[in-house]
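Open the model in your viewer and follow along.

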Amino acid sequence: MQPQVGDELKSLKEFEQYIVKRKIPKLKIEADGRLRVPDFMGADMRACTEAMQGKLKLKHNGNGIAYQQSPPPNTLVPEDEIVEIWFK
């Protein structure tokens, strides 16, 4: 069940699960075959890895929720490009 405004979350884990469920990055493939890098901010490592669909390579730093990435969202890249994501 989704928390409502004003509800108290019992733990950080419950909060993270709620946030992660809402943040699912989408990989877009352009007509020329290049990939549009998703906005990974706010997603966990599993969601980021799944969003890459084996078409991008993940270089990760830390654990938890993504707060920084390179290249930035909406950058067009070739398949197998490395995307570096920082988690905390």
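How much of the accessible surface of the chain belongs to carbon and sulfur atoms? The share is 50%, out of a total of about 6,100 Å². Keep in mind that this is a predicted model.

**Whole chain.** Select everything and color by secondary structure. Walk from the N terminus: the elements come in the order α-β-β-α-β-β-β-β. Now color by burial. The chain has 88 residues, and 27% of them count as buried. Next, show contacts. Take those in the chain with a separation of 6 or more: 51% of them join residues 24 or more positions apart.

**The sheet.** Select β3, β6 and β4. In that order, these three strands form an open sheet. Its pairing is mixed.

Which strands lie at the edges? They are β3, residues 57–61, and β4, residues 66–70. Each edge strand pairs on one side only. Look along the sheet next: from one strand to the next, the twist averages 25°.

Strand β6 covers residues 82–87. In which sense do β3 and β6 pair, parallel or antiparallel? The sense is parallel, and the pairing runs over five bridges.

Notes: Residues numbered from 1 in each chain as written. Predicted model: local features only at pLDDT ≥ 70, side-chain atom pairs only at ≥ 80, totals over all residues. Heavy atoms only, no water. Pairing = 2+ DSSP bridges. Helix = DSSP H or I, 4+ residues; strand = E, 2+ residues; numbered from the N terminus. Axes fitted to C-alpha atoms, helices over the stretch in contact; angles between N-to-C directions. Buried < 20%, exposed > 50% of the residue type's maximum accessible area, 1.4 Å probe, protein only. Contact = heavy atoms within 4.5 Å. Areas by Shrake-Rupley, 256 points an atom, 1.4 Å probe, with all protein chains shown as cover.
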